[in-house]
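Let's take a walk through this one, going from a pair of packed helices to a single side chain. Have the viewer open as you read.

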Amino acid sequence: MSSSPLSKKRRLSGTETKTGSHCSSSNSVRTDLSHTPANGMAKNGNDAEIDEGLYSRQLYVLGHDAMKRMQNSNVLISGMRGLGVEIAKNVILGGVRSVTVHDQGVAEWRDLSSQFYLREEDLGKNRAEVSQPRLAELNNYVPVTAYTGALNEDYLTKFQVVVLTNSTLDEQQQVGELCHGKGIKLIIADTRGLFGQLFCDFGEEMIVYDTNGEQPLSAMISMITKDKQGVVTCLDEARHGFESGDYVTFTEIQGMTELNGCQPVEIKVLGPYTFSICDTAGFTDYVRGGIVSQVKMPKKISFKSLSSSMAEPEFLMTDFAKFDRPGQLHVGFQAIHAFQKKHNNLPAPWCQTDGDELLTLAKEVNSAQTGSAKVEQLDEALMKKLSYVAAGDLAPVNAFIGGLAAQEVMKACTGKFMPIMQWLYFDALECLAEEEGVTLTKEECRNCRYDGQIAVFGTKLQDMLAKQRYFLVGAGAIGCELLKNFAMIGLASGEGEVIVTDMDTIEKSNLNRQFLFRPSDVTKMKSDTAAAAVKQMNPSIRITGHQNRVGPDTERIYDDDFFESLDGVANALDNVDARMYMDRRCVYYRKPLLESGTLGTKGNVQVVIPFLTESYSSSQDPPEKSIPICTLKNFPNAIEHTLQWARDEFEGLFKQPPENAMQYLTDPKFMERTLKLPGAQPMEVLEAVYKSLITDCPHSWADCVAWARNHWQCQYSNNIRQLLHNFPPDQLTSSGAPFWSGPKRCPHPLEFSTSNVSLHLLSCIALRELHMDYIMAAANLFAQTYSLPCSTDRAAVVKILQEVKVPVFTPRSGVKIHVSDQELQNSNSSVDDSRLEELKTRLPSSESFQFKLNPIDFEKDDDTNFHMDFIVAASNLRAENYDIPPTDRHKSKLIAGKIIPAIATTTAAVVGLVCLELIKIVQGHKKLESYKNGFMNLALPFFAFSEPIAAPRHKYYEIDWSLWDRFEVTGLQASGEEMTLRQFLDYFKNEHKLEITMLSQGVSMLYSFFMPAAKLKERLELPMTEIVTKVSKKKLGKHVKALVFELCCNDLSDEDVEVPYVRYTIR
């Protein structure tokens, strides 16, 4: 259930051959074919272009410039235990120039609890050498090398970024000084059981090109004053969103033209619609119009070396509820290093003696501090807990810290986003037992793959994890990461089972972050492939793959028996509707739900616990702001408007008309249904069917070209001329203001040319003949809907166009064009009954129409299908009509395809947090404060954790209830007869002192106090299930064990009271 469809046929060689689309090879990677791997992927380097088919979702996060900078960076990652391999995996997926993995140690049992590329047969072998070939499979653009020698100066200077994991403090300091002196960017990452540490040193002068990754804002101007500090007022349609200190530039101002194209100006925000700029006193008077646009300014930042920063640390908070924790852990981690140096091993798990010694060492470390690193009072309990779990190695903690560390590598390579300044500490102590003072007995290692986890939680949790039965919904990016963590922690590795469902197949654009898949897996089912991949990581996991969409249609499969057998559900979905459906199912079956999502560098985690927290559906984001219809139809002012218009064109030309025409030809009830539609809809639908079957019906390729040419004329010339006839360029409003001002841009009609090259367009578009692009795409799509042969021969199309007769157009008076959506709603569209009758009689019978029409579903990621060709051409032509700056194919695809930007780093970090919550659920944590909902933005970077919101409480009489409560009613009585409606109403009156005023099931109203007497009399004596089937007109499936009824009730004082729903058991 991925949000990233396939770039199915993106060409990767540098050779030009004709494909289905004239421009489908425009993004090919030019590379020496002798070095191209068998799957067609080339290596990174200066001369390689970016493979948009593979990196498309990440490109929407980082941008092309940052990606190119990343492709020139060689990265060394030292330490191939669980944390190191996690960082390496994310960095390789990201697409740096090369990755070298370094380790001088051999695989041990404790590594297997989180190092997903080590197997039991690898024990005793060098970790880097074993991991290298498995990591190399992740991205054929990134060469991966294993190195087992010493990290000396000669070797380190080959790299732009060095990452140290599993290293001693002496090694960190030695490498840290060398890197700082040589301008090599350094990241140190470490995890100790439930604790994590991250340090960054990117040199004394680093330039950050974009601190937050947000799209630059723009706003339309209504006024600029002439003043020492000129005040800019924006149109009050929307707040400008700027902050003081932002830089802006101006375009399209009439009057005060000195500001147009000026150097970026710093602003001071005065209010939601106003801000001040430079001295405008000497400028010409402002007349009207103008657009102000935010400019991202490079920012210089400076880092201290490791030794300086250890003494005077700067901390990034991860959890504001643990405000003093970073300072404590800064000392604690140094104490761990001191213990390790002294004993040549870590403190033993849950060993009191070692805990006492670590505390003593921590006190010594603290007293030796001279700078701000010294803490006033050491948290002794915290130091002991650090000692007890330090030998642990947990996959979820490695996933979280590893995701963050990999994002810092990308920042170091690209200057994109704000780095961590300079220390980050994290802990998840809430995962331990809730009772205060509980300590485990000193655990002996089992010599098993879970030793790193047993060191923290003991064997009892391990046995509980093995028995879990979990339902994972989705096997996309989050799904793959969840499955990897499930395999590592041993979920369902005994009597339990993981059931994963996803109806999607693997597509090329998935490979950039859905790391369980390989190029050879493209077109295979996600769920089965992912299940097989994690079986390789841990052969003990019991996992079953399904290919079902979750929803009412699959409730026969995911029925009462299925859900009742589960221990919990994890969502890995890409849409709100499916999330809300699963949330409702979990509330009904009272199962824990792990919910998470990502959007670029942003991620969130929500845990839903029965009888404790609110559910996912309890709070919702506000709906997305839609574009007004009149703005789309006649008054666009931004490229987003023209792209949405182009998408609507696509649906209105190539999907809806053939769909309606086929329904007319095949469905006998189509006409009856259509005539019942409100307003002018019957006329619109039948006119479209008539056009599809009679007036526009082509019989040859030449007919399709002629249709495309005439449609071009209609949309980009005739309609604009009609609009300008109704509202001339000098038109004034009733108040005397120019009609074409503010958000209304005055358009101009286009003249068709077969050799059009618009100099106004971006360079990548200027190379294309935009008018011909439109004709080629529209004609081919139109031909496809009628199963006619297509063509990509542009020269032949030019010849056909010379023969096309385009009717002369004269604007007409009396044509109504609505200026606002309010005006549109208030207009009474009268239906011409005689025309409706004429259409009914003139439409052909299904017998007389021999060929099939094919509705086309929009698919953004196939560059040979003409879909995006049409969208880009249609949108940019309309942008040219209205003098809106056009956009390239890449951005057009993002907006028109509603693509969700995504990157592997965020996904890994989010899923790490999800699996920490899973560990709490399996242990049976009962306190609300034990659980953590989380939000992060790795670009800023920013982290926020909070305890989940408690389920809201309601009351009727003295009975307290929440969304997790319900009335349980057994339909079958002792006599074997089912309860009638009368008995149901009486049951609530007698047992609960509630008078039911309305009763519904789904969308069916079963009973209401205002029901006609005859209907009520009939229903009162009917069994409940009979009423349900009668009203809903649907039979109850054999899988249905219970029904859900919603009630409106009055109490004894005749007051309306809110009550829970009813679970009415019928089997």
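A word on axes before we start: each axis is a line fitted to C-alpha atoms, for helices over the stretch in contact, and angles run from 0 to 180 degrees between N-to-C directions. Keep in mind, too, that this is a predicted model.

With that in hand, go to helix α23 (residues 770-785) and helix α27 (residues 867-881), which pack at an angle of about 135° with their axes 8 Å apart. That angle makes α23 oblique to α27, since anything over 145 degrees would count as roughly antiparallel and 65 to 115 as roughly perpendicular. As for handedness, α23 and α27 make a left-handed crossing. On the α23 side, the residues in contact include Leu 770, Tyr 774, Ala 777 and Leu 781. Among their partners on α27 are Phe 870, Ala 873, Ala 874 and Leu 877.

Next, jump back to helix α6 (residues 169-182). Its 14 residues reach 20 Å from first C-alpha to last, close to the 20 Å expected at 1.5 Å a residue. Its buried residues are Leu 169, Gln 172, Val 175, Gly 176, Leu 178, Cys 179 and His 180. They pack against several elements, including β5 (185-192), β6 (195-201) and α8 (325-343). Just past the end of α6, Gly 183 has a positive phi of about 75°.

That brings us to α8, whose 19 residues reach 26 Å, close to the expected 27 Å. How many of the 19 residues of α8 are buried? The count is 14, so α8 is largely enclosed by the rest of the structure.

Last stop: Glu 86, in helix α3 (residues 82-94). Is Glu 86 buried or exposed? Buried, because its relative accessible area is 2%, against a cut-off of under 20%. The side chains of Glu 86 and Lys 484 are joined by a polar contact of 2.6 Å. Glu 86 also touches residues including Phe 116, Asn 398, Glu 481 and Ala 908.

Methods: Residues numbered from 1 in each chain as written. Predicted model: local features only at pLDDT ≥ 70, side-chain atom pairs only at ≥ 80, totals over all residues. Heavy atoms only, no water. Helix = DSSP H or I, 4+ residues; strand = E, 2+ residues; numbered from the N terminus. Buried < 20%, exposed > 50% of the residue type's maximum accessible area, 1.4 Å probe, protein only. Polar contact = N/O pair within 3.5 Å; in protein donor to acceptor, adjacent residues only side chain to side chain. Contact = heavy atoms within 4.5 Å. Expected span 1.5 Å × (residues − 1). Parallel < 35°, antiparallel > 145°, perpendicular 65-115°, else oblique. Left-handed = near helix turned anticlockwise from the far one by under 90°. Lists of a residue's contacts leave out its neighbours within four places in sequence.
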